[in-house]
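Hello,

Here is the structure I said I would pass on. My notes on it follow below.

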Amino acid sequence: MSASPRIVVENLSVAFGTGRARVEAVSGVSLAVPAGASFGLVGESGSGKSTVLRAICGLAPVTGGRILIDGEEIRGRRGREFAARVQMVFQDPYGSLHPRHTIDRILSEPLAIHGLGDRDRRVGQAMADVGLPASFRFRLPHQLSGGQRQRVAIARALILGPPILLLDEPTSALDVSIQAEVLNLLSRLRRERDLTLLFVSHDLAVVDHMCERALVLRGGRAIEELDAEALAQGRVESPYAAELVRAAEGFRRPAP
Ligand SMILES: Nc1ncnc2c1ncn2[C@@H]1O[C@H](COP(=O)(O)OP(=O)(O)O)[C@@H](O)[C@H]1O
Ligand SMILES: [Mg+2]
């Protein structure tokens, strides 16, 4: 067993476009996530959170830095081996699920691509693992609620048994009452499977709930790294992080 962190991002930069249209979405961001940890990326909209996750998946134009998974630098097209180790869950489960594919087909596809047998049993198990009734198996995404669709997306991400999950605002599109259910599901799955999580949210309260450490991003730059104590007590140094703390407290405070 190597002691390298599961995920290392070293001095990552990402830029979209060229010339006057060039946008530096991420500039010199570094982070390390040990095996079994849950690490948060937090910042307002446009701060570069999704771009960091997309860069890890090979879906963003990296202009500098390195990405390592289990101590091994990854570059170029991400293949099957990467998909078996790292999976991503997106904010909008409706956009990420094919509208005309049944839940059965959506969950069977990764198994087929990876040449895994016993698909019937595996799909049934994956649905049970995320709390989806077996009767939903041949339904289409639009016949499910937002929370149920996000459970399908989580089941699909986990069906190959990857040790690493990248979560991009996985509950931000859901009703507040449903958010907690999905966060609790993710916490349980993390515990049961010893998952390593890189968890993106604009909401510091959610990151505090889900993560032991977090990096605050603003304008594509790392502003401040927060440990568990700083997260729990909202003890931050930068004015920007303090704003995020205030926003999260406002959210938690019951209406007068
Ligand atoms: N495909 C793209 N083309 C051009 N600009 C992009 C693209 N994706 C993201 N950006 C820009 O990069 C910056 C960071 O975006 P993003 O990573 O989506 O932020 P966040 O997830 O924190 O809201 C923003 O200024 C955004 O407009
Ligand atoms: Mg985003």
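The lining of the largest pocket takes at least two residues from each of α2 (80-85), β6 (86-89), α4 (103-113) and α6 (146-158). Helices (H or I, at least four residues) and strands (E, at least two) are DSSP runs, numbered from the N terminus. This is a predicted model, in which local features need pLDDT of at least 70 and side-chain atom pairs 80 or more, while totals for chains, interfaces and linings use all residues. Residues are numbered from 1 along each chain as its sequence is written, chains are lettered from A and ligands numbered from 1 in the order written, and side-chain values use heavy atoms, without hydrogens and water.

The pocket (on a 1 Å grid over the protein atoms alone, an open set of points where a 1.4 Å probe fits, with protein on both sides within 12 Å along at least five of seven lines; lining residues have an atom within 4 Å of a point) has a volume of about 610 Å³, which is the space filled by probe spheres set on the points, joined across faces, edges and corners. Of its 24 lining residues, A83, V86, Q87, M88 and R156 are the closest to the centre. α4 contributes the most, with 4 residues.

In β6, V86 and M88 point one way, Q87 and V89 the other, and all are buried (under 20% relative accessible area, 1.4 Å probe, protein chains only). β6 runs parallel to β7 (residues 164-168), joined by 4 bridges; strands pair if DSSP finds at least two bridges between them. M88 has L166 as its bridge partner in β7.

Regards

Conventions:
Buried means under 20% relative accessible area, exposed over 50%, partly exposed in between (1.4 Å probe, protein chains only).
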